[in-house]
Amino acid sequence: MSAKFQIPNFATVEDVIEELKPGYPVYCLRPAELRRQASYFLDTFPGRVMYAVKCNPHLTVLQALYDAGIRHFDTASLAEIALVREHLPQADCYFMHPVKPRAAIMTAHKVYGVDHYVIDHEKELDKLIDVTGGGDGKVVLVRIVTPVHDAQYQLSDKFGIAAEDAPGLLRKVHDAHFQTGVAFHVGSQCRTPQAFVDGINTALDVIEAAAVPVHYLDVGGGFPALYEDDRPPALSAYFDAIEQAFDQSRLRRDCVLMCEPGRGLVASGCTLLTQIQLRKDDKLYINDGVYQSLSETLMGKMKLPARLINPGRSIVEECQDFTILGPTCDNLDILPAPFYLPVDADEGDWIEIGQTGAYSNSAATRFNGFFPETFVSVDAPPLLPQER
Ligand SMILES: *Cc1c(COP(=O)(O)O)cnc(C)c1O
C-alpha cells in the first residue's frame, strides 16, 4: 500500500457548492490548518505530542498531522490502532484506554507491536501481565484523578485511580518490570492552565510516595478550542504553565513529558457545510444535527460559528437569531444555541459551520438514516469565531 489516500480538493467552500450543489452535509477539511496547528504543538509544547485519534480519525486528518511531524497516536481500540498502523506504518500507537479487552491487548501487542498501555486498577495490570507476559521494555502508565477545574467534560468521573491509592499501583507496575509512567486528563475543553499545574503536582506527590523510577509523565488532552462564547487562554499559557511545573520538579532529567491533544489540535481543521431544507418563521431545518456531526452543541453546549452561503443569489446583510433543527424525527435534535444569520435565509441556502474538526464525524450515528460521509479538502482558511 503506497498510494496516499485522497479526497477531492477545492479552493473555497463556494467552489464546493458550485460543483456539488450538495443536499447532504459535507465535511470541508483544512489540511493546511491541521498542519499549522500540529506544527504549533510540536514546536511549542515542551515534550512529546500524541494525537488522540478518537477526536477525528479521518485519514486526511491523520495524514495532515503526520505530514507536520506527529508520530505518536493515542488510540483506545483495536480499530483505531489498525487504522493508524495500516495507513501510517511508521507511527507509534499508545493504547490509552484504562479498560481493555484481553483480545485487544493480545492483538495490539502481538500484531501491532504496541508497547505503551494505561491502567487505573490493579486488575487491569494483572490482565496486562497475563496477556503480554509482563515487563520486557513495555511501558505502563497509571492514570490518576486530579483536582477538578473548569472544564466542559470531567473525564475523572469515569477513569483514574485516587491519588492516595496510586503509589501502591505504581510500585506494582515497577515490580512487574514494566517501565512506569503517570497519566491524567484534566477534562475536555479545560479553561484553566492551573488544572495542568495541579495535575502535575498531584502526579509528583504520587511519584514521591511510590519511590520508584518513573519514565513518563503524560498530561493528557483537554487543551481548549475557541467557540462563540468561550475564549479560554491561548495555548501558549497552558504550555508555559506545564513547562514551569515540570521544570521545577526533579523529574525533568530522566522523565519523558507527553501530552495527548484532541480538540485543541484539530477543532479548527474542518468546517461542516449543511443545507437548509425548510424555513418556518425563525426556525431552520437543516440536514445535520445532534445525532450526526453536531452532538457537542447538545452535550457540551458548544456554540459554533456559522455563516450563510448561496453563490446563486445576493444575501441581505441584516441578521437575526434562528433556531436550528436537525434532520431526525427526534425532538432532542434541536441545537440549544441559535445561529445569527441573514434574515432572508431560506430553503436551499447553505450554512457553513466552523470549529467542527473535533468530535463531529467521529461521534456521528446512523440514526434515522442520516449519516454524513462526504469529505472534501479546502484550501481557503477555516471559519473561526469572530474576534470581539
Ligand atoms: C479524549 C481523550 C483525549 C483528548 O482529549 P481532548 O479534550 O479532545 O484534548 C486525550 N486522552 C485521552 C485518554 C482521552 O480519552
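1. Throughout this note, buried means under 20% relative accessible area, exposed means over 50%, and partly exposed covers what lies in between, all with a 1.4 Å probe and with protein chains only. The model is predicted, and local features need pLDDT of at least 70, side-chain atom pairs count only at pLDDT 80 or more, while totals for chains, interfaces and linings use all residues. Residues are numbered from 1 along each chain as its sequence is written, and side-chain values use heavy atoms, with hydrogens and water left out.

2. Asp281 has a phi near 50 degrees, a positive value, and is found in the loop between strand S13 (270-280) and strand S14 (283-286), where helices (H or I, at least four residues) and strands (E, at least two) are DSSP runs numbered from the N terminus. Asp281 counts as exposed because its relative accessibility is 68%. Ala211, with a positive phi near 55 degrees, sits in the loop between H8 and strand S11 (216-218), and its relative accessibility of 64% makes Ala211 exposed as well.

3. The chain is divided into domain 1 (3-28 + 267-378) and domain 2 (31-265), with bounds that come from an automatic or database domain assignment. The centres of the two domains, taken over C-alpha atoms, are separated by 32 Å. To their contact, meaning heavy atoms within 4.5 Å, domain 1 gives 23 residues and domain 2 gives 24 residues. Between them the domains bury about 2,000 Å², of which 55% is on carbon and sulfur atoms; this buried area is the accessible area (1.4 Å probe) that two parts lose on being put together, summed over both.

4. The largest nonpolar core holds 104 residues, and Tyr51, Phe73, Val219, Phe223 and Ile351 are the ones that touch the most other members; such a core is a set of buried Ala, Val, Leu, Ile, Met, Phe, Trp, Tyr and Cys residues joined through side-chain atoms within 4.5 Å. Helix H8 (residues 194-210) supplies the largest share of this core, nine residues. Because domain 1 and domain 2 both give residues to this core, it lies between them. Apart from it lies another core, of eleven residues, including Phe10, Val26, Ile309 and Val376.

5. Which residues does Val219 touch, not counting residues up to four places away in sequence? The list consists of Phe45, Phe184, Phe196, Ile200, Ile242, Leu257, Met258 and Cys259.

6. In helix H5 (residues 102-110), the residues Ala104, Ile105 and Ala108 are buried. Seen down the axis of H5, its buried residues fall within an arc of 100 degrees, so they line one face of the helix; the arc is that of the directions from the helix axis to the C-beta atoms. On the other side of H5, Ala103 and Lys110 are exposed. The buried residues of H5 pack against helix H4 (78-87), strand S5 (92-95), strand S6 (116-119) and helix H6 (122-132).

7. A search of the whole structure finds zero disulfides, a disulfide being a pair of cysteine sulfur atoms within 2.5 Å. The sulfur of Cys55 has its closest cysteine sulfur in Cys270, 11 Å away, which is too far for a bond. Cys259 is likewise in no disulfide, since the nearest cysteine sulfur, that of Cys55, is 13 Å away. Cys55 counts as buried because its relative accessibility is 0%, and Cys259 counts as buried at 0% relative accessibility.
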